[in-house]
Amino acid sequence: MTEVSILFGIEGAKQAQGTAVIIDVFRAFTLEAYLYAFHAENIYAVASVEEALAWKQKDPSVLLCGERDGKICPGFDFGNSPGSIAGKDFSGKTIIHTTTNGVQGIASCEKASEVLTGSLVNAKATADYIRSHNPQLVSLVCMGWKGRQTEEDQLCADYLKALIEGKPFPQLEERALALKGQEGKKFFDPGQQDVFPEADFWMCIKHDLFPFVIQAVKEGSCCHNRKLEV
């Protein structure tokens, strides 16, 4: 039987063993799922802004997506906002992605035998993939925000755990909507719409939209976050 544990933050990522799922609902790994749904060819996660910019200098065809403190990085094509890419066609495009939290979790995950990204939009596919491989250990890592635990990542971890264990999770919709008054309230702040647009909230709390997982495979200093159909 698979043993499932829930861990938190960078330290949790460092401790993760077995199949690790690095969870970032608001917004890194939700964004990556939408990018693949909008036909991106490849996504590479890098830890630093400088590495992303250097990649763009070598290959101007890549698109840079990323944020620091929620705000789009200078010189980047997109921030970390799913709403900003809605309706766009990324066919054939390679994306270089860096964020404050989620991407750092992948970079810190050294002990795991396999690393997946975690978000609500492909949670069922992720759980189905894990169940089909039946690992002995699964580590669900809630990245939160700058070392602080957040409700949306905890919700995703709880939902994934229930799915992996074959248990019902009837409170999903209620808890997702409750995020509006919790960590999600920033998306409804009129003064922060340029950084945290309301559309992002609704895109991030949708669940089980996509039938694929995103597997993070280290390649040198970066991770190839590749789409695998389930």
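Helix α6 passes helix α7 in a right-handed crossing, that is, one in which the near helix is turned clockwise from the far one by less than a right angle. The model is predicted, so local features need pLDDT of at least 70 and side-chain atom pairs count only at pLDDT 80 or more, while totals for chains, interfaces and linings use all residues. Residues are numbered from 1 along each chain as its sequence is written, and side-chain values use heavy atoms, with hydrogens and water left out. Helices (H or I, at least four residues) and strands (E, at least two) are DSSP runs numbered from the N terminus.

**The pairing of α6 and α7**

- The axes of α6 (residues 123-133) and α7 (residues 151-164) come within 9 Å and cross at roughly 40°; axes are lines fitted to C-alpha atoms, for helices over the stretch in contact, and angles run from 0 to 180 degrees between N-to-C directions.
- The two helices are therefore oblique to each other, a class left over once angles under 35 degrees (roughly parallel), over 145 (roughly antiparallel) and 65 to 115 (roughly perpendicular) are set aside.
- On the α6 side the contact (heavy atoms within 4.5 Å) is made by A123, K124, T126, A127, I130 and R131, and on the α7 side by Y159, L160, L163 and I164.
- Seven of these contact residues are nonpolar, one is polar and two are charged.

**Burial of α6**

- Within α6, the residues A123, A125, T126, A127, Y129 and I130 are buried, meaning under 20% relative accessible area with a 1.4 Å probe, protein chains only.
- The cover over the buried residues of α6 includes the strands β2 (19-23), β7 (114-118), β8 (137-142), β9 (212-219) and β10 (222-229), together with α7.
- N134, which follows α6, has a positive phi near 50°.

**T2 and its surroundings**

- T2 is located in the segment before β1 (3-8) and is buried, with a relative accessible area of 15%.
- The side chains of T2 and N134 are joined by a polar contact of 3.3 Å, a term for a pair of N or O atoms within 3.5 Å; within protein, one must be able to donate a hydrogen and the other to accept it, and residues adjacent in sequence count only if both atoms are side-chain atoms.
- A polar atom of the T2 side chain also lies 2.7 Å from the backbone oxygen of P135.
- Beyond its neighbours within four places in sequence, T2 is in contact with N134, P135, Q136, V138 and I164.

**Helix α2**

- Helix α2 (residues 28-37) is mostly covered, with nine of its 10 residues buried.

Note on methods
Ala, Val, Leu, Ile, Met, Phe, Trp, Tyr, Cys and Pro count as nonpolar, Asp, Glu, Lys and Arg as charged, and the others, Gly among them, as polar. Buried means under 20% relative accessible area, exposed over 50%, partly exposed in between (1.4 Å probe, protein chains only).
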